[in-house]
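Dear colleague,

Please find below the structure that I promised to hand over.

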Amino acid sequence: MKVAKKILIHFLALVVFFFCISPLLLTLLGGIIPDAALLSYPPKWFSMKPTLAYYKYIFLGIVPQAYEERGAMRGMITQEARQIPHSMMNSAITALSVMGINILCGSMAAYAFARIRFRGKSATFLGIVMCRLLPASALAVPFYLIVQAMGLLDTKVAIVMVHSLLTLPFTVLILSVFFRRIPIDLEEAATVDGASRMQVFTKITLPLSAASMVATGLFAFMLSYSEFLYSLILSGSAKTRTLSVAMAALSTNTDVAWGMLMAGIFITLIPSLILAIVVWKFVVEGIILGALKY
Amino acid sequence: MQEVKYSRYPIEWLFPVLILVFLFTAFPVGYAIWNSLHQILLVLPVTPFVGLKNYKEVLTSPYFKEALLNTLIFTVTTAPATVVISLGVARLLLTKFFGRTVLRPVVLLPWAIPGSVAGILWLWIFHGQWGLLNGFLLKFGIIENYIPWLDNSRLAKFSVSVAHIWTQVPFASILLMAALTTISQEVYDAAAVDGAGPLRRLFSITLPQIKVMLIITLIYECIMGLTTYDTVYSMTAGGPGGATTLLSYFIWAEAFKLLNFGTGAALGVIMALITFVLIMAILKAIPSDILVKE
């Protein structure tokens, strides 16, 4: 009975594991198998030697040999794939800015919610948290027109602003839970010594919680990195396109080689995987789950 | 115990967040309502007031009815499915087994991946000509011919739902995990002494104890189902025909493909209303003391 249960648990764990990670493994495979093998019918995926040609093209611009040999296939190479490194830069810059804004503004708001008593606290808090649930597509048109009116279309500033709005509710929620768990004694001692609330915050609370704040910031980074709709409508040219937009454009481009697409996706997923590990360790286990054990 | 003493509204702590929330929530909602009452065509400089014409146009359009029906079916199937699967995953992640530390962050992965990229991944799995699922099924001799997963309207609906559930499980699992950790082990021990079997424990202890979180998760997933966008966009682009056209995609197409901002906004308002009702339901479900104490 005990053994059967153990086997069942491990079996289920294995199923969940592959359910979640198989796309990563599949894209890894898809990116190194030549298209001719990948698209064969009946499938002969492992009939040809794996190749790094797609990666070489994306990062270095070296056109894969298979396409030089047969002129007809030349069309399968698209300039859009060459944008991946650039849009990765865009995504990184955008997400880092979002992370910075989240840490800065989010921690202040969260601290106020955790430590200050004031009227209208729940209303403000729920207002901030719940606005995140309004459907993105319903607000897409006004967002576009507002950003247009501000003259910020096709700039990173606009995307950073909108992403900050989307991620701040999460940050405020998580950080206020976290701040409330810090023992209040130190802060009280500082207050007795004559420190103002802002001094207490910057001199005591911030240094104490730096690690968790960075982790929560990474959570915002993760959400910004994967956001798609607003990035799509607010970024026009390759100059501001984030990775998720570039990848969607690539996928709807019928010219693109499938292996190229998979190579691009694998590149996209590596940061996601790293972020998932960090966020789980520090945010989910460290803050969200831990907070409720009391 | 210290006495309850209210401070004045701590605006200096909250303004960065509040400005963003106001600028990008209250203002857009108002703007969307204004837009929805006017005819807005980007090519024309004038925006004449047309009253409820946009709404009438939208509500009587057969495409809207199809999109609405699709969205409703999509939501009532994916939301409960997500909650059930997530409950299983959450329970599994709380069980001690070999490799749990590896599995836990991996579960977060589908959430960390950009939705548009997730769509491409599932497109590859379900693709009618070179999809992996077809390949495997053929290799193992389960099917004779490839199944057109995304070209048949029923199968396409199914495939899109699977992909959507996949992206939703991580967050729902975290919510339910947090709820499960609050149930004390003693209750289970006592039940075991009384001879309650696993099913009995599930229905008599676990589910009632996490009822609130179950409801919150279910409503949240309904909102996600109603508003999802990116996965479907890159998987089927609404096709075949309009079989997988969901409301949010319909709004986007109306506004940004047909450049009909007026009706797009009207659609947005309708959708925001539906969501607003659900948000109110969440607020009702949350015990008032769980988030912020005044």
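This is a predicted model: local features need pLDDT of at least 70, side-chain atom pairs count only at pLDDT 80 or more; totals for chains, interfaces and linings use all residues.

Residues are numbered from 1 along each chain as its sequence is written, and chains are lettered from A and ligands numbered from 1 in the order in which they are written.

Between the chains, 77 residues of chain B are in contact with 84 residues of chain A (C-beta atoms, placed from the backbone, within 7 Å). On the chain B side, the largest share, 13 residues, comes from helix α1 (residues 11–36) of chain B, helices being DSSP runs of H or I with at least four residues, numbered from the N terminus.

The largest nonpolar core has 170 residues, and A:Ala109, A:Ala140, A:Val162, A:Val279 and B:Leu176 have the most contacts inside it. Such a core is a set of buried Ala, Val, Leu, Ile, Met, Phe, Trp, Tyr and Cys residues joined through C-beta atoms within 7 Å, where buried requires 20 or more other C-beta atoms within 10 Å of the residue's own. Helix α14 (residues 258–291) of chain A gives the most to this core, with 15 residues. Leaving aside residues up to four places away in sequence, A:Val279 touches A:Ala215, A:Leu218, A:Phe219, A:Met222, A:Val284 and B:Leu108.

Within chain B, helix α3 (residues 62–94) and helix α10 (residues 211–227) pack at an angle of about 145°, with their axes 8 Å apart; axes are lines fitted to C-alpha atoms over the stretch in contact, and angles run from 0 to 180 degrees between N-to-C directions.

Best wishes

Notes:
Helices (H or I, at least four residues) and strands (E, at least two) are DSSP runs, numbered from the N terminus. Two residues are in contact if their C-beta atoms, placed from the backbone, lie within 7 Å. A residue is buried if 20 or more other C-beta atoms lie within 10 Å of its own, exposed if 12 or fewer, and partly exposed in between; C-beta atoms are placed from the backbone.
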